[in-house]
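Good morning, and thank you for making time for this item.

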Amino acid sequence: MSETASAPQSSLRELLGGTKEPEFELKLLPGWERHTPGEADRAAMDAALKKRFMNINRPELHASMRAQLDQAYTLMKQQQVKAYFAATAQTDSLAIIPAAIVATTFSAQGGGTLDTHVAGMIRDHGAKPLFGDKRFIRYEHESTRTAEGDEPMVVTSIVYMTPIPGSRRRRGLQLTATLARPMEMTATDEKFLAWKLALDVCVSTLRWVPA
């Protein structure tokens, strides 16, 4: 795994004189990089996709993927995604996982704490501590999705939540890993279980960096 971090960003809380949230780092999987969603990042991803499809003489695929890319960045903006992690770097590793992780901030309603929300995660989704570490709560759910022109895929979403230091448990960092597999691959397949374990290990390496 390789360590990565992004530059701190200003927030409304800072502008109003509040305490800035600490940054965080993860030790990433081979070939994975951290990105801050924005126009510059979207343009860089689009250029990389264009180059990839031109190299295999399939420019028509670039138009389709660009539409999906624009949709993804629009959604991340709406969800106020702080960062996302994906296998976008060149690597010789054959262990590339078809997944991504997005990071958002969850704020407790009504000035309360995260306890009510966490209790709901446990009650409604069977959430449990990550590797027994009660600082992290984890649950997963599945759905079936079909992209235009593609075969149906089973998409597993793994949701992790941990309190943000200094927030008095009023805010939490939510990391959501999205993992796709073919319909013929079962949930008990050894490769799929290894993918999920790798994502769990990646999230468990989270380290807070003082602002």
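**The interior and the sheet**

In this predicted model, the largest nonpolar core has 28 residues, and those with the most contacts inside it are Phe24, Trp32, Phe85, Ile101, Tyr160, Leu175 and Leu199. At least two residues of this core come from each of the following elements: strand 2 (23–28), strand 4 (83–86), strand 5 (99–107), strand 8, strand 9 and helix 5 (190–204). Which element gives the most to this core? Helix 5 does, with 6 residues.

Leaving aside residues up to four places away in sequence, Phe85 touches Phe24, Leu26, Leu28, Trp32, Glu33, Arg34, Ala100 and Ile101.

For the chain in general, the secondary structure comes to 5 helices and 10 strands. Of its 211 residues, 35% count as buried. The accessible surface is about 12,700 Å², and carbon and sulfur atoms account for 54% of that area. If we take contacts between residues at least 6 apart in sequence, 61% of them join residues at least 24 apart.

I turn now to the sheet. Strands of a sheet pair through backbone hydrogen bonds, either parallel or antiparallel. Here 7 strands form an open sheet in the order 3-4-5-9-8-7-6, with antiparallel pairing. Why is one side of strand 3 (33–35) and of strand 6 left without a neighbour in the sheet? Both strands stand at the edges and each has a single partner strand, so one side of each has no neighbour there. On average, neighbouring strands of this sheet are turned by 30° against each other, direction ignored.

Within the sheet, strand 7 and strand 8 run antiparallel and are joined by 9 bridges. Thr144 stands opposite Val154 of strand 8. Helix 5 lies across strand 5, strand 6, strand 7, strand 8 and strand 9, and runs at about 160° to strand 9.

**The loops**

Most residues other than glycine have a negative phi. Phe131 has a positive phi, near 55°, and is not a glycine. The loop that holds Phe131 lies between strand 6 (128–130) and strand 7 (133–145). Is Phe131 buried or exposed? Its relative accessible area is 52%, so Phe131 counts as exposed, the cut-off being over 50%.

Arg168 is likewise not a glycine, and its phi is positive at about 55°. Arg168 is found in the loop between strand 8 (153–163) and strand 9 (171–182). With a relative accessible area of 68%, Arg168 is exposed.

Arg169 lies in the loop between strand 8 and strand 9. At 37% relative accessibility, Arg169 counts as partly exposed. What does Arg169 touch, not counting residues up to four places away in sequence? The list is Thr113, Leu114, Asp115 and Pro163. With one of these, Asp115, the side chain of Arg169 makes a polar contact, side chain to side chain, at 2.8 Å. Arg169 and Gly112 are 57 residues apart in sequence, while their C-alpha atoms are 8.4 Å apart in space.

Definitions and conventions
Residues are numbered from 1 along each chain as its sequence is written. This is a predicted model: local features need pLDDT of at least 70, side-chain atom pairs count only at pLDDT 80 or more; totals for chains, interfaces and linings use all residues. Side-chain values use heavy atoms; hydrogens and water are left out. Helices (H or I, at least four residues) and strands (E, at least two) are DSSP runs, numbered from the N terminus. Buried means under 20% relative accessible area, exposed over 50%, partly exposed in between (1.4 Å probe, protein chains only). Contact means heavy atoms within 4.5 Å. A polar contact is a pair of N or O atoms within 3.5 Å; within protein, one must be able to donate a hydrogen and the other to accept it, and residues adjacent in sequence count only if both atoms are side-chain atoms. Accessible areas come from the Shrake-Rupley method with a 1.4 Å probe; for residues, only the protein chains shown count as cover. A nonpolar core is a set of buried Ala, Val, Leu, Ile, Met, Phe, Trp, Tyr and Cys residues joined through side-chain atoms within 4.5 Å. Two strands pair if DSSP finds at least two bridges between them. Axes are lines fitted to C-alpha atoms, for helices over the stretch in contact, and angles run from 0 to 180 degrees between N-to-C directions.
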